[in-house]
Structure formats: C-alpha cells, structure tokens
Amino acid sequence: VKTVNVIGAGLAGSEAAWQLAEAGVPVNLYEMRPVKSTPAHHTADFAELVCSNSLRGNGLTNAVGVLKEEMRRLNSIVVTSADETAVPAGGALAVDRNNFSALITRKVKEHPLVTVVLEEIKKIPEGITVIASGPLTSESLAEEIADYNGSHGFYFYDAAAPIIDSSTIDREKVYLKSRYDKGEAAYLNCPMTEEEFTRFYHALIEAEVAPQKEFEKEKFFEGCMPIEVLAKRGIKTMLFGPMKPVGLEDPKTGKRPYAVIQLRQDNAAASMYNIVGFQTHLKWGEQKRVFRMIPGLENAEFLRYGVMHRNSFMNSPELLKPTYQSKKRNDLFFAGQMTGVEGYVESAGSGLVAGLNAGRLAKGEELLEFPRETAIGSMAYYITHAEGKHFQPMNANFGLFPALPERIRDKKLRYETLAERALNALSAMTI
Ligand code: FAD
C-alpha cells in the first residue's frame, strides 16, 4: 500500500492520519509546530483548540451533536478523545484542552503506521496527499495553495476569548447554573443590573482596540465576532447574544438579572474559566480594565488574553469534490477549516472523510461519498454545491439537511426525525 502524506496535525489532520492508519495505510504526518508556530497556537500538541474548549452541543436535537454521533460510529479520534477528557458543560461537550490534545498526540504518535515529521511544508508534495494546514497555514504553503487554486481564496477574521484564573473569581457574586437547568449546573454566571450593564456597555464600545496588522479590511465571521464589534451594533445586541439572561435566574433571589455573563470551565481541574462569547480584539490592558467591571471579576487574573486572527478558506464549490478531492488532481485532498467547514468538530469531520478516501485511493478501492442525509455528508455537499460567488464558511446545522418528506411543525420532533434519518443513512452504508 502506498504511503499517504498528511500536512498539519490539527483537528482535521490528526483525524485524517488516524483514519488512514486505522485502515492499514502508512502515513507521513507533517507538523510545523514547535519548529514554527501560528499566531493562535500555544503548544506543540496535535489538535490544539485555539479558542473555546467547547465542541458545542452533544444532544441529537442539535446538528453538531448528530455530527459527533456519526463520527463516534466512524471511529473518530477527535470525538472519542473529547468524550474521554470532557469537563462539565451542561448540554455541551467541552474538554480539558490540555488533556484532550495530549491524548490525541499520544494516540497518533504511538500508532505503528504513523511517522511524524516535525517540519514546515512549503510545497504541495507529489503522491497521495491530504492538506489540512488550517486557517493559519504558514505563508509559503498558503501562497503555494493560492497559486494552485488560482484566484479562489478568501479570508475573514476570527477572535479568541480570554481565560481567567478560577481562584481569582469572587464566588460571593457569581452563581453556578446551566441555562434552563439543562444538564448539571456547569457555568459560573455573573449577573448584572441595568445600571451595571449600561456602564459596562459604554466602557466596552469606547475601549481601545489593538492595532490592525497588515490586514486590508475587516470581514468577520458572524459566529466568532469580537464582542466589542457586536456591542457597537446597538445597546441591546449583547442582551440577545452572549449576555442573554433567559433561563439564568439567580438562585439567591429567584429573579432573572438584567444581563448575565457566563464563565465556562476550561480544564478538568476547574482552575481556569473562559468568558463565553467574549472573543475580543481589545488591547490587553483594556481587556483587564473593562472585563474587571464584570461582577465577580473585579480582581480577576487573566491567564490568557483574547486575540484576533486572520482565517483563510478556499472557494471549495469551484475547487473540490464531495470526497474532498481537488477537482484538478485526483490524489490531492484538502480538509479542515480551509475548505469552508467552520468549527472544531466540522474540521475534524472533513478530515475524517478526506482520510478515509485517501486511504481507499491508496488501496485501489472506490471512494466514498456520504449521503446528504448524514451530517457529515451535508457538510461535504454544502462546501461543494454552495454558490461560489458568495461562499461563506458554515457550521453544521439542520438547514443543510435535505427537507423531510412530511412537514413536522414541532421543532424538537423535527430535529429528532432528521437525526434518526441521518444515523439510519449512515448505518445503511458499507464502509
Ligand atoms: P488547525 O487545527 O489549525 O490545524 C492546522 C495545523 O497545521 C496546525 O497544527 C499548524 O501548526 C499546521 N501547519 C500550518 N501550516 C503548516 C505547514 N506549512 N507545514 C506543516 N504544518 C503546518 N472553532 C470552534 O469550533 N470554536 C472556536 O472557539 C474557534 N475559535 C477559533 C479562533 C481562531 C483565532 C481561529 C483562527 C479559528 C477558530 N475556530 C474555532 C475555527 C476552527 O475550528 C479552528 O481553526 C480549527 O482548529 C480548524 O481545524 P484545522 O484542522 O482546519 O486547522
């Protein structure tokens, strides 16, 4: 069997390498960290989570929950490692970020069919190759990919939220609760009165933003927009977004606060918390000043400040097949965020499909297209069939699934039916 090259040991690349190796195909996995890092990574571990430690909803009434369940059934290293390193997060699957990445690194490195090569790849290699170098692909390789793809590259901006030392949170002021008491109580909630909110809002919109680097123009992804940009849309916007108080009544008073900021446990030891939805591009000193106005965070120590980065993706509807193969070269696959799937799980999911298919090509087997009824297939369909001109990265969502033959008005029942259909379609496949 031919050896397959995988470039990048991030979410997609680790998954692709694992799928290949588990299928009996030898892999050369190239990763540039720690020799060279990206502006958002902090460690040398594989599958590092660059911002939130949440892999989002875990139930089957949530499209990303269905995607995870499909991936579990397909022997995903990312999802099973997340299950093994989970921390409490209500209805979501959040992980201890260090344990999660360490576990994936160990499993991949110890696999007898994986050879890890720590170097920056600057040219697209010959032979069967999966490129999964991520939204922060190093410059030389990014240029090479742009040349290969012609004029079909785009970019936008993503931001990361700050992380706080848990021992510096004032427990008298915050309370433990998950929204609508879903799952176990997992979030620390910082309640605000209307007056506190108004003061905070003005401080936030007037705070100083870090200078833009070589970026030409601001183009944000809606799902990861800096909080100060969201706030500038209007005084009420945050109250319908990350500061939404519904379902978060304060147990001490039984009343719903005017606004709530949630803190999510970031590691198993619960020594770190991140501010949910507070990805930001404020200057570090400003983050400290403004976020210390949040009740309970007056003396907070910041272990990591929020940052903003350019995030690139390609025009996949013009360039890729649903197998994640390049239309121009049968033995070249792309995977991860750069293909226009958005999010950790989605990136790993595309790596899973690309890895499985690169393995099948190496073994002379027929390639697989996942049915559109599955979450994993709906993503592949979206990135290859969306309108190229306005192509935007997309999270897994039920809107990408084909409609049901009958109309079901009840949302929960509709989602459950879509989930059941997806899992049945997956079981019906011979893989
Ligand atoms: P990555 O996980 O970044 O993996 C790419 C790997 O390739 C890296 O290890 C990198 O070091 C390596 N590499 C790059 N160039 C080379 C080269 N030339 N040679 C060898 N190796 C190379 N998604 C979420 O679901 N939640 C979030 O909170 C979230 N926040 C984000 C915040 C930021 C700042 C960014 C940029 C993205 C965020 N995303 C988030 C989006 C996305 O899910 C992540 O970027 C995810 O890591 C993408 O997975 P990937 O495998 O495509 O890339």
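Predicted model: local features only at pLDDT ≥ 70, side-chain atom pairs only at ≥ 80, totals over all residues.
**View 1. Cysteines C51 and C190.** A search of the whole structure finds 0 disulfides. A disulfide is a covalent bond between the sulfur atoms of two cysteines. For C190, the closest cysteine sulfur belongs to C51 and lies 17 Å away, which is too far for a bond. A pair would have to lie within 2.5 Å to be counted as a disulfide. C190 is buried, its relative accessible area being 0%. C51 also counts as buried, because its relative accessibility is 16% and the limit for that class is under 20%.

**View 2. The open sheet of β3, β5 and β4.** Three strands make up this open sheet, with the order β3-β5-β4 and antiparallel pairing. Its edge strands are β3 (54-57) and β4 (86-87), each of which pairs on one side only. Strand β5 comprises residues 92-95 and pairs with β4 in the antiparallel sense over 2 bridges. In this pairing, V87 stands opposite A94 of β5. Strands of a sheet pair through backbone hydrogen bonds, either parallel or antiparallel.

View 3. Helix α10 covers residues 344-362 and has 19 residues. At 1.5 Å a residue the helix should span 27 Å, and this agrees with its end C-alpha atoms, which are 27 Å apart. Of the 19 residues of α10, 18 are buried, so the helix is largely enclosed by the rest of the structure. G364 follows α10 and has a positive phi, near 75 degrees.

Note on methods. Residues numbered from 1 in each chain as written. Heavy atoms only, no water. Buried < 20%, exposed > 50% of the residue type's maximum accessible area, 1.4 Å probe, protein only. Pairing = 2+ DSSP bridges. Helix = DSSP H or I, 4+ residues; strand = E, 2+ residues; numbered from the N terminus. Expected span 1.5 Å × (residues − 1).
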